[in-house]
2 protein chains.
Amino acid sequence: MKLSDIGERRAIDIMAGVYDTVTLDDCATIADGDNVLLVTSDMVNETSHFPRGASSRQMGWFTVAVNLSDLAGKGGRPLGVLLSLGLPGSLDADFLEDFAMGAHDCATAYDTSVIGGDTKEMHEVTLCGMALGRMRRDAYMSRTGAAPGDLVCVTGTLGRAGWALDCLRNGSDNAALRDLLHVEPRIDAGRALAATQAVHASMDISDGLAASLYQLSRVNGCGFTVDADRMPLSSHATLEHALYDGGDYELLFTVPPEAHEQVAGVLQAVGCPVSVVGEVIETRELLLRRDSGTETLEHRGYEHFIDRGKTL
Amino acid sequence: MKLSDIGERRAIDIMAGVYDTVTLDDCATIADGDNVLLVTSDMVNETSHFPRGASSRQMGWFTVAVNLSDLAGKGGRPLGVLLSLGLPGSLDADFLEDFAMGAHDCATAYDTSVIGGDTKEMHEVTLCGMALGRMRRDAYMSRTGAAPGDLVCVTGTLGRAGWALDCLRNGSDNAALRDLLHVEPRIDAGRALAATQAVHASMDISDGLAASLYQLSRVNGCGFTVDADRMPLSSHATLEHALYDGGDYELLFTVPPEAHEQVAGVLQAVGCPVSVVGEVIETRELLLRRDSGTETLEHRGYEHFIDRGKTL
């Protein structure tokens, strides 16, 4: 049996079964008195994550941003970022400074900094980022806790990355490259949400809304109904982009209806749009309501090992 | 200019110049009240780090061990390990469980655990480990602080990895694979040393003693004299292995002569051998004393981008 037969999520399950100290959440946590330390790592590489034409500086920003996004999903304040780079010896040395500037720009934009890392030789440009954060333990927003009746909310708009990918498949396009790679992690929104202690379950959307809902369904043992006409679509984006394409890095969370007003208020205060897109239901099924009727949300989105080559 | 023209250490300098928050030490640090958090990352890959015949389980142990070794060099207590894996889709899925068991064995042997990570698809098996640690701030052993007159000490013996590599170049050999990959990070020794607050400068030796001394020379603006006949060689190992081959992961540190007895005592208490191999000198030169006379220690050891393909 090969990895391409089992896919990324099954691969993670196998290893998590050995470690038994791994929680399937956006970040690992370490108790720290009244606080909790958050640690996360996201590895990206040229072939899977960067379309042709992506600049070194964009790669630097993106690598830091996707790691900070995992902290945002839990409501953490960033403490620092590490970057370990695997680079081919034939790479132009200008890559280093440009990449570092992109990484530095992103880290400083979110009040943190790149504090260390490693550099090694690899055949393929491989960028392994790691972010550390801290927050009050009682404010931590885990992936679990969703309860039937909760409203399902997403920040910002969805589909921008999917639309950008479509544009790039039809030729190089600088605006699309920026849409795809200039990820803006929802750090302020995550911290504001966490401070309310009203959120039941939260994660960042990296592989598409449908894939994220299936992950929440699994760890919470619940289901979801989402409404096509409540989806906050980015300009040009279709429902297909919003549901099934990765790369948007917005926050997905559930709140009890009585807390919705408070949550909307704190998000407005940090300038973050939010939309209610559905509800948590008791039965473990994922439903998409359209004008034409209700159908099952498809279980797809980007998955490593299985989807390689499909996207870029 | 390509990376292969400038080498790993110049590459790190270029990026550190952009970040300005990176200290060239084994770990990055984050202030934490009276304590300091340590974070480190070491990325290894199949081509550069693992000889043919290395098992998945050995790779798991090694990836965790080399990261813990960076904590050991500073005197930190491990809090947790993250592992981000880049794996080809064609890899046998058995790799996952075997690798995870090796990683778990090493983590638990040092009273810590694997708490998270990431899994992505890559052409080459790429293993990015990260370790977190914590210690009292005033006990932290940095790479700087070496003063002329200090004794230069190393733990354990040197040359085991270099000898093992030589054996492997002459054919597969299970004992040699174990010697090379079953790295035992000096966590207890590092913590005992740190507690004395007597150590002036400390690091782990990953690229050979000579390369490590050149790194200490640079950050401390001092030089070293080491004695060939005081080198604690592993069985079969030559002076060449000890000085110029990477992979031993012992600790290298300097102490003022008056603290030597105390330091030797605490290391004995944790069962860690230690040898004085030379002294810190004021002039920025690295000298090797042999029976036949004194010569300059060569500035070589494993360096990525430049040395690829030379070792395994």
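Colleague: Where is Val81(A) found?
Modeller: Val81(A) sits in strand β3 of chain A. Keep in mind that this is a predicted model.

Colleague: Why is Val81(A) called buried?
Modeller: The cut-off for buried is 20 or more other C-beta atoms within 10 Å. Val81(A) has 30 other C-beta atoms within 10 Å, so it is buried.

Colleague: Which residues does Val81(A) touch, leaving out those up to four places away in sequence?
Modeller: Val64(A), Asn67(A), Ala107(A), Thr112(A), Val114(A), Ile115(A), Gly129(A), Met130(A) and Ala131(A). Take Ala107(A): it is 26 residues from Val81(A) along the chain, yet the two C-alpha atoms are separated by 7.5 Å.

Colleague: What share of the contacts in chain A, at a separation of 6 or more, comes from residues 24 or more positions apart?
Modeller: Such pairs account for 87% of those contacts.

Colleague: Why is chain A called as compact as a globular protein of its length?
Modeller: Set the value against the rule. The globule rule gives 20 Å for 312 residues, and the radius of gyration of chain A is 19 Å, which is close, so the chain is as compact as a globular protein of that length. Its C-alpha atoms fill a box of roughly 55 × 50 × 45 Å along the principal axes. Buried residues make up 54% of the 312. The chain holds ten helices and twelve strands.

Colleague: What are the domains of chain A in the domain assignment?
Modeller: The assignment gives domain 1 (3-139) and domain 2 (151-296). Their centres, taken over C-alpha atoms, are 21 Å apart. Each domain gives 25 residues to the contact.

Colleague: Which element gives the most to the side of domain 1 of chain A that touches domain 2 of chain A?
Modeller: α3(A), with twelve residues. Overall, that side of domain 1 divides into 14 nonpolar, five polar and six charged residues.

Colleague: Turn to chain B. What makes the length of helix α3 (residues 56-74) of chain B agree with expectation?
Modeller: At 1.5 Å a residue, its 19 residues should span 27 Å; the end C-alpha atoms are 29 Å apart, which agrees.

Colleague: Why is α3(B) called largely enclosed?
Modeller: Count the buried residues. They number 19 of 19, so α3(B) is largely enclosed by the rest of the structure. Gly75(B) follows the helix, with a positive phi near 95°.

Colleague: Which residues of helix α5 (residues 160-169) of chain A are buried?
Modeller: Arg160(A), Ala161(A), Gly162(A), Trp163(A), Ala164(A) and Leu168(A). Their cover includes α6 (174-181) and α9 (239-244) of chain A. After α5(A) comes Gly171(A), with a positive phi near 125°.

Colleague: How many residues of chain A are in contact with chain B?
Modeller: 58 residues of chain A are in contact with 58 residues of chain B. α1(A) gives the most to the chain A side, with ten residues. That side divides into 29 nonpolar, 19 polar and ten charged residues.

Colleague: How do you know that the copies meet through the same surface?
Modeller: 100% of the interface residues of chain A are also interface residues in chain B, so the surface is the same.

Colleague: What rotation superposes chain A on chain B?
Modeller: One of 180°, with 0.0 Å of shift along its axis and an RMSD of 0.0 Å. The two copies are therefore related as by a two-fold rotation axis. Of the residues of chain A, Cys128(A) comes closest to that axis, with its C-alpha at 3.5 Å.

Definitions and conventions: Residues are numbered from 1 along each chain as its sequence is written. Chains are lettered from A and ligands numbered from 1 in the order in which they are written. This is a predicted model: local features need pLDDT of at least 70, side-chain atom pairs count only at pLDDT 80 or more; totals for chains, interfaces and linings use all residues. Two residues are in contact if their C-beta atoms, placed from the backbone, lie within 7 Å. Helices (H or I, at least four residues) and strands (E, at least two) are DSSP runs, numbered from the N terminus. Ala, Val, Leu, Ile, Met, Phe, Trp, Tyr, Cys and Pro count as nonpolar, Asp, Glu, Lys and Arg as charged, and the others, Gly among them, as polar. Copies are superposed by least squares on the C-alpha atoms of residues with pLDDT of at least 70 in both. Domain bounds come from an automatic or database domain assignment. The radius of gyration is taken over C-alpha atoms; the globule rule is 2.2 Å times the number of residues to the power 0.38. A residue is buried if 20 or more other C-beta atoms lie within 10 Å of its own, exposed if 12 or fewer, and partly exposed in between; C-beta atoms are placed from the backbone. The expected span of a helix is 1.5 Å times one less than its number of residues.
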